[in-house]
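Subject: Structure for your review

Dear colleague,

Please find below the structure that I am handing over to you.

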Amino acid sequence: ALASSASQLLRMLAAPAAPRPRAGLSECFQVNGADYRGHQNRTGPRGAGRPCLYWDQTQQHSYSSASDPQGRWGLGAHNFCRNPDGDVQPWCYVAETEEGIYWRYCDIPTCHMPGYLGCFVDSGAPPALSGPSGTSTKLTVQVCLRFCRMKGYQLAGVEAGYACFCGSESDLARGRPAPATDCDQICFGHPGQLCGGDGRLGIYEVSVGSCQGNWTAPQGVIYSPDFPDEYGPDRNCSWVLAPPGAALELAFRLFELADPRDRLELRDATSGSLLRAFDGARPPPPGPLRLRAAALRLTFRSDARGHAQGFALTFQGLQDADADPAPLEGSTQTPAAPLDGANVSCSPGPGAPEASMGAQVFSTVTAVSVLLLLVLSLLRLLRGRGCLLAPGKGSPTLGPSRDPTRSWAVWYRRPRGVALPCPPGDPQVEGLTASYRPLSASSQSSLRSLISAL
């Protein structure tokens, strides 16, 4: 054990210094930092905490380089902060303390998705954001963004896991910033997102996850609709990019579409020529994509079954026209495949009854298929449900309880969790401890606040 500790220390001392990120560069485009691949290797605020252990020497724990042979989670022979389990932010294992603590969160200033403006103090008198507000036990970041977008406000703030506030740029100008680690409460509607803290607002621009927009800034980020939530079915969204310059450079930071029917098209906004098209079976190539177009129109469509994380892409204008000028061959003549559920009319000519009969058979098969998919989706939801027991008025002790009439018992399964009321004596509760885990300590304060308000 002593030799192993000495080896760890030597590796930490010999490791090269982490590269300093460029000003304004974001290293994360997911709200929980699951895509972080940076080089911070200490915990705490701005890396001022404890050194991280190397992932190839943590086999005694649930996550190590051996459990990530394909590198999907970014683990390996290094000790950089990562988020392999879909937690609320990147973390790492540390040398176990006398209190039994063996992991810590990492506070990484460059790991906040673009459009997130930071953590702010909300004293309540006056409120940090002066617009309308509301609460929801199903709150996610996008639920709040959509609420404030519909109200016509520029900013949306989430607080205490279940509260949403709207405001404007003038509110932000007089706001008091708080440490990023103060906004550590889990959203009640999504176990992988943060929704502020106690007396702390996590503030976002409402343009994040919007379904349309015109962008003329020299550079920026476009997110799929409903981001950071998954995009929904039957989405039809478009954005026009017209930064200064003769060409554009795009870089996809995230790209996850459900199937080939979910499609993203890139067209010249002036001529309408199709320059590129990507879908669930044909993702964009790695690296930057340069297109010779003064303005670009992006169109995204999902089918009736569409549900996936979506995409995040950065763009910037280029002054020179040294880019790929060629549209896709046949792009002006070949339309995209129709989406499931889209209105498609066919008028067979005289003497073609077979076509009419075939259309009827196709419609019947499609209707039956959609019904079966709905049933399967419902069964999947019920199998992955969580359980919230709240029949009594006793002390809200969080965790497993053998007496459901006296306390609260909250369980969930990563990466998704749904809290549903269960009547006392539900036999499913007996088996929860094997496949579910109790809520983490960081969400207990928000839950107690909501319980007291019921």
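This is a predicted model: local features need pLDDT of at least 70, side-chain atom pairs count only at pLDDT 80 or more; totals for chains, interfaces and linings use all residues.

Backbone geometry

Most residues other than glycine have a negative phi, and most peptide bonds are trans. The following places depart from that pattern.

Two cis peptide bonds should be noted. One joins A125 and P126, with omega at about -5°. P126 lies in the loop that runs between β4 (116–121) and β5 (133–135). The other leads from F227 to P228, and its omega is near 10°. P228 belongs to the loop between β12 (219–223) and β13 (236–241).

That loop also holds D226 and D234. D226 is not a glycine, yet its phi is positive, at about 75°. D234, likewise a residue other than glycine, has a positive phi near 55°.

Which of these aspartates is buried, and which is exposed? D226 is buried, because its relative accessible area of 9% falls under the 20% cut-off. D234 is exposed, because its relative accessible area of 51% is over the 50% limit.

A buried aspartate and its contact

D85 is situated in the loop between β1 (44–45) and β2 (91–93). With a relative accessible area of 15%, D85 is buried. With which side chain does the side chain of D85 make a polar contact? The partner is the side chain of W91, at 3.0 Å. W91 is itself within the range of β2 (91–93).

Helix α2

Helix α2 covers residues 141–150, and its buried residues are V141, Q142, C144, L145 and C148. Why do these residues lie on the same side of α2? They do so because they cover an arc of only 155° around the axis. As a general point, an α-helix has 3.6 residues a turn, so residues three or four places apart point the same way.

The buried residues of α2 pack against several strands, namely β6 (155–159), β7 (163–167), β8 (186–187), β9 (190–194) and β10 (200–205). After the helix comes G152, which has a positive phi near 85°.

Yours sincerely

Note on methods. Residues are numbered from 1 along each chain as its sequence is written. Side-chain values use heavy atoms; hydrogens and water are left out. Helices (H or I, at least four residues) and strands (E, at least two) are DSSP runs, numbered from the N terminus. Buried means under 20% relative accessible area, exposed over 50%, partly exposed in between (1.4 Å probe, protein chains only). A polar contact is a pair of N or O atoms within 3.5 Å; within protein, one must be able to donate a hydrogen and the other to accept it, and residues adjacent in sequence count only if both atoms are side-chain atoms. The arc is that of the directions from the helix axis to the C-beta atoms. Contact means heavy atoms within 4.5 Å.
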